[in-house]
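User: I am new to this structure and would like to learn how to read it. Please take me through a few features in turn.

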Amino acid sequence: MKPVLNVLPTLTMVAATVALAGQQTMPPSFSEQNEPETVLRAYPLGVTTKQAAFSHHGKALRTLVLPNGKEGWVYEVGGKQAQTYQHPTREKHTVYEAGPGNGVRIYTLVFDDKGVVIDVLYNEKGRHDGLTALQVQRKVRGEGTRKDDGLGVK
């Protein structure tokens, strides 16, 4: 009877650890209703895996290799307009076009070598005009930022 009682607390601790490890803070959704700074402030960095990101956000519009060598998944939100074109063979194609200034929000998830989200880049009008989750979260925590850190907010 005593060996069973010794195993019971160990099994309870293992079950609790597995249950807590399975609970992950879900990242905010990329949508037109959510303000970009709110999304970036609340995005859980360092815990969201590729599988969790895919499950929550769906398939990325495209993937790319960022200048720092990290993998990025690009998501576009809003501002797309459906256009139907007719091919010379009379076949019709519907495409969704988005031009600058149409309210398109672009979020890029940045993954580390282990497949975990380490940053979220946000752009609205093109390259280098946005924010990152690291910048916003550091600002909220009151951590020092360099003078020309490019926060993009005034």
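Analyst: What follows covers strand pairing, a helix and salt bridges. Keep in mind that the model is predicted.

User: Let us begin with strands. With which strands does strand 5 pair?

Analyst: To read a sheet, look at each strand's partners and the sense of the pairing. Strand 5 (residues 105-111) pairs with strand 2 (residues 71-77) in the antiparallel sense over seven bridges. Strand 5 also pairs with strand 6 (residues 117-123), again antiparallel, over six bridges. Threonine 108 shows both pairings: valine 74 stands opposite threonine 108, and leucine 121 in strand 6 is its bridge partner.

User: How many residues lie between strand 5 and strand 6 in their hairpin?

Analyst: Five residues lie between them, and glycine 115 in that turn has a positive phi of about 85°.

User: How many of the residues of strand 5 are buried?

Analyst: Six of its seven residues are buried, which leaves the strand mostly covered.

User: Now the helix. Which residues of helix 3 are buried?

Analyst: In helix 3 (residues 50-57), the buried residues are Ala52, Ala53 and His57. They lie on the same side of helix 3 because they cover an arc of only 105° around the axis. Strand 2 and strand 5 are among what covers them. The face turned away from the buried side carries the exposed residues Gln51 and Ser55. After helix 3 comes glycine 58, with a positive phi near 85°.

User: What does phenylalanine 54 touch?

Analyst: Leaving aside residues up to four places away in sequence, phenylalanine 54 touches Lys59 and Trp73. Its C-alpha atom is 9.6 Å from that of tryptophan 73, which is 19 residues apart from it along the chain. Phenylalanine 54 counts as partly exposed because its relative accessibility is 47%.

User: How many salt bridges does a search of the whole structure find?

Analyst: Side chains of opposite charge can pair when their charged atoms come close. Here the search finds three salt bridges. In one of them, lysine 50 pairs with glutamate 71, with the closest N and O atoms 2.4 Å apart. Lysine 50 is in helix 3 and glutamate 71 in strand 2, so the pair ties together parts 21 residues apart in sequence.

User: Where are the partners of the salt bridge between aspartate 113 and lysine 70?

Analyst: Their side chains meet at 3.6 Å, N to O. Aspartate 113 is in the loop between strand 5 and strand 6, and lysine 70 in the loop between strand 1 and strand 2, 43 residues apart. Aspartate 113 is exposed, with a relative accessible area of 73%.

Key. Residues are numbered from 1 along each chain as its sequence is written. This is a predicted model: local features need pLDDT of at least 70, side-chain atom pairs count only at pLDDT 80 or more; totals for chains, interfaces and linings use all residues. Side-chain values use heavy atoms; hydrogens and water are left out. Buried means under 20% relative accessible area, exposed over 50%, partly exposed in between (1.4 Å probe, protein chains only). Helices (H or I, at least four residues) and strands (E, at least two) are DSSP runs, numbered from the N terminus. Two strands pair if DSSP finds at least two bridges between them. Contact means heavy atoms within 4.5 Å. The arc is that of the directions from the helix axis to the C-beta atoms. A salt bridge is a side-chain nitrogen of Lys or Arg within 4 Å of a carboxyl oxygen of Asp or Glu.
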